[in-house]
Amino acid sequence: MSRRKAVVIGAGIGGISCATRLQSLGFDTEIVEALDAPGGRAYVRKVDGFVFDMGPTVLTVPHFIEELFSLQQDHAMLGEPDFPAGTLDENCRIREGVSGGPNTSKYVEIVPILPFYRIYFDDGTFFDYDGDPVSTREQIKQLASEDLAGYEAFHDQARAIFHRGFLKLGYTYFGSLGSMLRVVPDLLKLGAVQSLFGMVSKYFKSDKMRQVFSFEPLLVGGNPMKVPAIYAMIHFVEKTWGIHYAKGGTGALVAGLVKKFEDMGGRLRVNAPVKRILVENRTAKGVELEDGEEIAADVVVSNADYATTYLKLVDKAHRRINRDALVKFRKQSMSLMVIYFGYERRDNDPDLRHHNIILGPRYEALLDEIFEQKVMSPDFSQYLHIPTLTDPTLAPPGHHAAYTLIPVPNNASGIDWDIEGPKLSARVMNFLEERGYIPDLAARLKHMSFITPDYFSETLGSYLGNGFGVEPVLTQTAFFRPHNKSEDVHNLYLVGQGTQPGGGTPSVMMSAKMTAREIARDLGVEASVINGVPEQREAPA
């Protein structure tokens with residue numbers, strides 16, 4: 001009996017993860033990628049001896065990665081989630097000898113990073129965010145002693161949200177309104193549907209602590225003023241499993257995932273942009289590439305941008321639910337400007353960390369300008385990533401490879417980035433030099449380039465140049481977020497940050513498992529394959 005064929009559009013982390021799961025389900029799986037290499041937003045730029053991850057750099061929940069590398073033919077591991085004990089001990093210290101897991105280590109080396117982030121405030125003070133309870137409380141005492149009691153209350157609520165929202169509901173696919181309504185009472189009781197910043201502001205009086213405990217949704221495209229408080233669980237996700245780095249960069253993780261997929265018999269084709277999804281009788285039958293080649297398939301999975309999938313790849317005659325008006329009505333996340341630069345090391349360089357959050361003089365007003373007003377701001381905040389502090393191999397000897405990421409409005413703004421891009425990059429680089437983060441940067445600079453929302457729109461095919469898909473506001477969360485299973489076309493599925501559960505590397509891996517599970521159920525894959533999981537272990541306390 002011939003194997004069923006699956007085609008996955010896009011070799012982002014979500015697409016590769018889903019394709020690997022389909023391969024383990026017994027499908028003959030092929031990924032077609034428009035770019036000349038896999039990765040999607042996690043594409044890698046190599047120039048002048050420097051290696052730059054162009055997208056995600058923060059890895060959490062390493063056992064999600066281990067599960068992917070543990071997949072085998074007819075052993076899909078799609079059963080209920082297994083949440084093993086954390087990377088961190090009871091005092092949130094990295095456990096001795098921890099790695100990415102035995103199967104992960106066959107493909108890529110993953111190491112923990114401490115602190116998770118160094119958060120700089122505009123007055124030059126900083127907070128080392130490392131999850132350690134003693135360190136956290138001591139730093140709060142030094143920066144805002146009036147908030148110690150508030151932190152304890154926030155900690156308790158965030159832990160309760162984590163246990164319900166992540167450990168219990170993390171892999172729940174909300175495919176029907178009923179599935180959503182069943183969990184609403186619990187979420188209301190936990191206070192998980194108010195805004196995150198509103199929740200944080202109840203517990204913290206100082207602006208600094210409000211920023212420290214609310215900034216993280218920005219790393220997945222969310223406005224802390226608008227995302228629901230369920231995102232407070234990120235605090236405990238990081239405290240439980242830590243922040244990690246793939247040696248060689250996130251691109252090394254992508255390469256490892258591709259090798260795992262190919263080792264299982266999957267096929268990846270690059271330079272293969274898709275023109276349209278073939279549909280007959282409201283059923284996906286395959287894809288047509290830009291060069292006219294048609295690839296027949298029993299299942300089509302799109303890891304392309306949600307809006308682009310429907311607006312460009314599925315003819316409107318086949319769309320009753322995801323009509324143009326609905327797709328365009330959904331709010332898109334903000335976009336990004338990312339500056340990639342290589343510079344000479346100095347022994348007396350300031351004590352920066354692998355991950356640095358540099359906050360500007362304004363917080364709430366800046367977020368409003370980026371997300372709501374969609375205008376260029378007079379100031380900015382940024383995430384400065386210097387992986388060569390951990391992994392010197394990414395740069396020539398004696399040099400650092402770095403990037404700094406600045407949240408900006410998506411292209412609904414109408415901003416001309418050909419004009420504003422060079423201006424903003426100059427302001428940011430001057431800021432890093434003049435404020436002493438990297439002294440004499442201009443004289444030490446060996447490479448500098450940048451991307452703007454136009455890169456997301458034109459190269460990555462992201463609607464309005466969004467950086468993280470559909471914005472994670474309450475009305476676009478869970479059931480109200482685009483579904484992983486198309487309501488319009490049978491055997492068409494979606495995966496990645498634009499679908500459930502949302503953006504961020506762990507979430508797109510969860511999305512891949514959700515999508516593969518729905519495919520398995522719809523196509524009647526044997527239960528023994530779907531539930532081929534190790535014995536369950538008790539969730540962490």
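Analyst: Phe127 has a relative accessibility of 0% and therefore counts as buried (buried means under 20% relative accessible area, exposed over 50% and partly exposed in between, with a 1.4 Å probe and protein chains only). The model is predicted, so local features need pLDDT of at least 70 and side-chain atom pairs count only at pLDDT 80 or more, whereas totals for chains, interfaces and linings use all residues. Residues are numbered from 1 along each chain as its sequence is written, and side-chain values use heavy atoms, with hydrogens and water left out.

Phe127 is placed in strand S7, where strands (E, at least two residues) and helices (H or I, at least four) are DSSP runs numbered from the N terminus. With neighbours within four places in sequence left aside, the contacts of Phe127 (heavy atoms within 4.5 Å) are Tyr117, Arg118, Ile119, Phe121, Thr136, Gln139, Ile140, Leu143, Met209, Val212 and Phe213. Several of these partners lead to further features, which are taken in turn.

Ile140 is 13 residues from Phe127 in sequence, with a C-alpha to C-alpha distance of 8.4 Å. Ile140 is one of the buried residues of helix H3, together with Pro133, Thr136, Gln139 and Ala144. The buried residues of H3 pack against strand S7 (126-129), H4 and H8. As to its length, H3 covers residues 133-144, and at 1.5 Å a residue its 12 residues should span 16 Å; the end C-alpha atoms are 16 Å apart, which agrees. The expected span is 1.5 Å times one less than the number of residues.

Ile119, another contact of Phe127, also touches Thr125, Phe126, Tyr129, Val212, Phe215, Ile357 and Leu359, residues up to four places away not being counted. Ile119 belongs to the largest nonpolar core, which has 123 residues, and is listed with Leu22, Phe166 and Phe213 as having the most contacts inside it. Such a core is a set of buried Ala, Val, Leu, Ile, Met, Phe, Trp, Tyr and Cys residues joined through side-chain atoms within 4.5 Å. A second, separate core of 24 residues includes Ile9, Ile295, Leu313 and Val470.

Phe127 and Phe213 also belong to a ring cluster, in which ring pairs link them with Phe116, Tyr117, Tyr129, Tyr151, Phe154, Phe204 and Phe215. A pair of aromatic rings is described by the distance of the centres and the angle of the planes. Rings of Phe, Tyr and Trp (its six-membered ring) pair if their centres lie within 6.5 Å; planes under 30 degrees apart count as stacked, over 60 as edge-to-face and the rest as tilted. The structure holds 30 aromatic pairs. In one of them, the ring centres of Tyr151 and Phe213 are 5.4 Å apart and the planes meet at 40 degrees, so this pair is tilted. Tyr151 is in helix H4 (residues 148-168), while Phe213 is in the loop between helix H8 (207-212) and helix H9 (233-241), so the pair ties together parts that are 62 residues apart in sequence. Tyr151 and Phe213 are both buried. Phe213 also pairs with Phe204 in a stacked arrangement, with 4.9 Å from centre to centre and 5 degrees between the planes. Phe204, like Phe213, is buried.

Arg118, a further contact of Phe127, lies over the face of Phe126, at 3.9 Å from the ring centre; the criterion is NZ of Lys or CZ of Arg within 6 Å of the ring centre and within 35 degrees of the ring normal.

H4 and H8, against which H3 packs, are also among the elements covering the buried residues of helix H7, as is helix H13 (364-373). Those residues of H7 (residues 196-203) are Leu196, Phe197, Met199 and Val200. They fall within an arc of 160 degrees down the axis of H7, so they too line one face of their helix.

The peptide bond joining Leu114 and Pro115 is cis, with omega about -10 degrees.

How values were computed: Arc of directions from axis to C-beta.
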